[in-house]
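Please have your viewer ready.

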Amino acid sequence: MMARSKQDIPRSPLPPLSEVTSRHVAYVRALVARLGVSPAHERDDLVQDVLVQAHRSRGSVLEPRALLFGITRHVVFRWISKREHDRGVIRSRAPDGAEEPTQRSAEDDWQEAERRAVVRAAIGEIPPPFRD
C-alpha cells in the first residue's frame with residue numbers, strides 16, 4: 001500500500017472552527033430562525049451547537065451549505081423534541097385539577113408572531129404558480 005501525499009487527501013469544505021467566517025454563522029443563524037426557534041438566546045445557543053457539530057464533521061464530502069443545513073436541521077429538531085418532552089414532564093407533575101393558564105404570556109405572543117413571519121417569508125419564496 002502506498003502512502004498518501006497531502007495532495008491525495010481531500011480537503012475539508014469547512015474551515016477549522018477558529019476560522020469560521022461570518023458568512024457561515026449568518027447562514028446557520030438564518031436557518032435556525034427559519035426553523036422557528038425562539039427566543040433569540042436559544043437561537044444563539046443552537047448556532048453554537050451547530051458550529052461545534054460541523055467542526056466535528058469536517059471530514060464530510062458534502063458541500064458546506066449542505067453539511068450546515070443537515071446539522072442545523074438535526075440540532076433544531078433535537079432541541080424541539082427535548083423542549084416538548086420537558087413541557088410534558090412539567091404538565092404531568094402539575095397537581096390534579098390544575099388548569100392551564102388562560103392568559104397568554106408575552107413570550108407566547110412573540111413566538112406566534114415569529115412563526116407567522118417565518119411562514120409568510122417561506123410562502124413569499126415559493127413561485128406564484130405553486131402557492132395555491
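Predicted model: local features only at pLDDT ≥ 70, side-chain atom pairs only at ≥ 80, totals over all residues.

Residues are numbered from 1 along each chain as its sequence is written, and side-chain values use heavy atoms, with hydrogens and water left out.

The protein chain holds four helices and zero strands, where helices (H or I, at least four residues) and strands (E, at least two) are DSSP runs numbered from the N terminus. Along the sequence, the pattern reads α-α-α-α. Of the 132 residues, 20% are buried (under 20% relative accessible area with a 1.4 Å probe, protein chains only). Take the contacts (heavy atoms within 4.5 Å) between residues at least 6 apart in sequence: 65% of them join residues at least 24 apart.

Now for the packing. Two packed helices are described by the angle between their axes and the distance between the axes. Here the axes are lines fitted to C-alpha atoms over the stretch in contact, with angles from 0 to 180 degrees between N-to-C directions.

Start with helix H1 (residues 22-34) and helix H2 (residues 40-56), whose axes come within 9 Å and cross at roughly 125°. That makes H1 oblique to H2, the class left over once angles under 35 degrees (roughly parallel), over 145 (roughly antiparallel) and 65 to 115 (roughly perpendicular) are set aside. On the H1 side, the contact is made by Val25, Val28, Arg29, Val32 and Ala33, and on the H2 side by Arg43, Asp44, Leu46, Val47, Val50 and Leu51. By class, this contact of H1 with H2 has eight nonpolar, no polar and three charged residues.

Next, turn to H1 and helix H3 (residues 64-92), with axes that come within 10 Å and cross at roughly 40°. H1 and H3 are therefore oblique to each other. In this pair, His24, Tyr27, Val28, Leu31 and Val32 of H1 meet Arg65, Leu68, Phe69, Thr72 and Val76 of H3. The residues of this contact of H1 with H3 divide into seven nonpolar, two polar and one charged.

Finally, zoom in on His24, which sits in helix H1. His24 counts as buried because its relative accessibility is 8%. Its side chain makes a polar contact with the side chain of Thr21 at 2.8 Å (a pair of N or O atoms within 3.5 Å, one able to donate a hydrogen and the other to accept it).

Conventions:
Nonpolar A, V, L, I, M, F, W, Y, C, P; charged D, E, K, R; others polar. Buried < 20%, exposed > 50% of the residue type's maximum accessible area, 1.4 Å probe, protein only.
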